[in-house]
Amino acid sequence: MNKEFLIVAITRPDFFEGESGKISQILENNEAMYVHIRKPEATINEIEKLLREIPCHLHDRLKLHDGFELCEKYNIGGIHLNSRNSTIPRKNLRLSKSIHSIEELGNCKNIDYCFLSPIFDSISKKGYLGRFDLNEISDKILGKKVVALGGVTPDKFDILRNHNFYGAALLSHFFPTE
């Protein structure tokens with residue numbers, strides 16, 4: 001099976017030394033198509049500092065979960081709608097969104113892709129257990145741009161492809177906690 005399979009990296013919620021370099025490396029080496037900058041507790045200034053440390057030519061491959069007002073200033077590639085930030089600040093932004101049930105797929109119109117989670121038991125969030133039977137949802141996500149999140153590692157890519165996922169989002173694989 002050789003269909004397109006989107007790989008997305010998601011940052012840890014905390015900042016760490018060398019993070020901008022790690023984000024740049026992931027994008028420069030095409031290990032992921034996008035890096036989602038997810039810093040729910042960060043200030044706008046902290047997010048902006050991180051953006052300034054990432055080369056400008058990579059900014060269009062970043063998606064922000066917070067600090068949407070920085071998109072235009074830094075030519076950011078898109079935003080990720082979530083419970084903290086559900087309003088689109090301006091048109092012409094690429095959008096992604098988090099969902100936690102198959103029923104929510106109906107709310108993903110005009111969205112480039114949506115994260116469905118948790119697919120497997122989470123690596124980064126202890127006690128956040130996989131909730132879906134892949135055989136049951138496979139037909140329901142066929143032809144939709146659903147990206148698996150939660151416990152995803154590269155060794156599970158074939159399983160996800162075979163169950164009609166559009167891609168995979170990984171946090172711990174790219175940004176392990178030491």
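User: What should I know before I start?

Analyst: This is a predicted model, in which local features need pLDDT of at least 70, side-chain atom pairs count only at pLDDT 80 or more, and totals for chains, interfaces and linings use all residues. Residues are numbered from 1 along each chain as its sequence is written, and side-chain values use heavy atoms, with hydrogens and water left out.

User: OK, strand 1 then: how many of its residues are buried?

Analyst: Five of the five residues in strand 1 (residues 6-10) are buried, where buried means under 20% relative accessible area with a 1.4 Å probe and protein chains only, and strands are DSSP runs of E with at least two residues, numbered from the N terminus. L6, V8 and I10 point one way from the strand, while I7 and A9 point the other way.

User: And which strands does strand 1 pair with?

Analyst: Strand 1 pairs in the parallel sense with strand 8 (residues 167-170) over four bridges, and also in the parallel sense with strand 2 (residues 34-37) over three bridges; pairing requires that DSSP finds at least two bridges between the strands. V8 stands opposite A169 in strand 8, and I10 stands opposite H36 in strand 2.

User: Switching topic, which residues touch the most other members of the largest nonpolar core?

Analyst: Those are L51, L62, L64, L116, I119, L160 and F165, out of 49 residues in that core, a nonpolar core being a set of buried Ala, Val, Leu, Ile, Met, Phe, Trp, Tyr and Cys residues joined through side-chain atoms within 4.5 Å. A second, separate core has eleven residues, including I10, Y34, V147 and A169.

User: What does L116 touch?

Analyst: Leaving aside residues up to four places away in sequence, L116 touches several residues, among them I99, F132, I137, V146 and F165, with contact meaning heavy atoms within 4.5 Å.

User: Where is T177, and is it buried or exposed?

Analyst: T177 lies in the segment after strand 8, and it counts as exposed because its relative accessibility is 63%, the cut-off for exposed being over 50%. From C-alpha to C-alpha, T177 and N75 are 29 Å apart in space, and they are 102 residues apart in sequence.
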